[in-house]
Amino acid sequence: MIFSFRKLFILAAFIACGSVANAQLPNEKFGKPSNLEWDFTGWGEAVGADAIILCKTMNATYQLSDQVENYNRTDIEVNWDNVLDFGKNELDESNILVKYEIGLRMKILKPEGAKHANIDITYFNADDDKVFYHDDIEDLKIKVFSKNEKGKVVTKKVDTSKFAKERVDKNYMVMHVVVPDVQAGSIIEYQYKITSIRPSYLYDWVFQESIPTVRSKCDLQVPAFLQFNMNVPINKLIKANVEVSHIAYDMNRADLKKPKTCTTNHYTIVGDYILPKGMALKPNPNKADGKEEAEEIAIFTSQLVKPEVTLPATMPAGSTHLRVK
């Protein structure tokens, strides 16, 4: 299973079982699997899977500072390239970080499903001798929950210090996460953070995995001055919402005033009971034999409207940029 995050996309499949809409969902809090999750074995066409993802979440928010770079300085020479920007304040991207918190809870249903416990985490790391330019994976925590012969839950923490890393291309690395001693009935939780130095870029979020997924949720707090176009799928399995919100920054002000706030577009995209490609089938009228084929629901993407990150004199009141194709 590979977790890659480059432009937020969704691939999923229709679910034939109509009862899942009213079914219970696993909780989004990590640290202790619920009784529902211990008993859960699948739904509809997902019954009989080797393993299943109970809950998968990503929360992303921007961390801002109050530092700006002013072109109207004595040490900057005015020329044809910057004359139009002279006197303007531009937000220095090095003073904006994107903080991601990722969580995954998986249940192994059969002995052969233990292979799914090993995952790959892909992250940005530029292979450039001149520029030190990379994101960081932080606070990686993995727990394996199992029940002993008396039915008592036993928790085991996995050592994460020796996982191998491999370069995928000139821009990305992958961390190979290996979880030992996984058995049928085990529940595994993965939690980690990524600090990204690229404010005009959002990691992908894959809703459809190689095994069934009960709940997948992506939550984004994006400053309103970064205007992203969001192409959102119209489908009963994927629900998208956006609303105006705020984030606080410049927390330790010398004047003892309240922290400054920035207007944001708060995006929430949730997918429930998503089957892997090839498991959910539909008749294909274009085929002579009428055989069924896997259906892909939609693709969710984000694209920055204005690549140049400019701080206006006054923060905008905020507006949503959710566009549906």
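**Ground rules.** I am working from a predicted model, in which local features need pLDDT of at least 70 and side-chain atom pairs count only at pLDDT 80 or more, while totals for chains, interfaces and linings use all residues. Residues are numbered from 1 along each chain as its sequence is written, and side-chain values use heavy atoms, with hydrogens and water left out.

**Whole chain.** I noted one helix and 19 strands, these being DSSP runs (H or I, at least four residues, for helices; E, at least two, for strands) numbered from the N terminus. Of the 325 residues, 44% are buried, that is, under 20% relative accessible area, with exposed meaning over 50% and partly exposed in between (1.4 Å probe, protein chains only). The accessible surface comes to about 17600 Å², and 49% of this belongs to carbon and sulfur atoms; the areas come from the Shrake-Rupley method with a 1.4 Å probe, and for residues only the protein chains shown count as cover.

**β7 and β8.** I then followed strand β7 (residues 136-147), which pairs with strand β8 (residues 153-157) in the antiparallel sense over five bridges; pairing requires that DSSP finds at least two bridges between the strands. Lys 143 has Lys 157 in β8 as its bridge partner. The two strands form a hairpin with five residues between them, and Gly 151 in the turn has a positive phi of about 85°.

**Thr 195.** This residue lies in strand β11 (residues 187-196) and is buried at 8% relative accessible area. Its side chain makes a polar contact with the side chain of Lys 99 at 3.1 Å, the term standing for a pair of N or O atoms within 3.5 Å, where within protein one must be able to donate a hydrogen and the other to accept it, and residues adjacent in sequence count only if both atoms are side-chain atoms. I also recorded that the C-alpha atoms of Thr 195 and Tyr 100, 95 residues apart along the chain, are separated by 6.4 Å.

**Lys 217.** Leaving aside neighbours within four places in sequence, Lys 217 is in contact with residues including Trp 205, Phe 207 and Ile 269.

Key:
Contact means heavy atoms within 4.5 Å.
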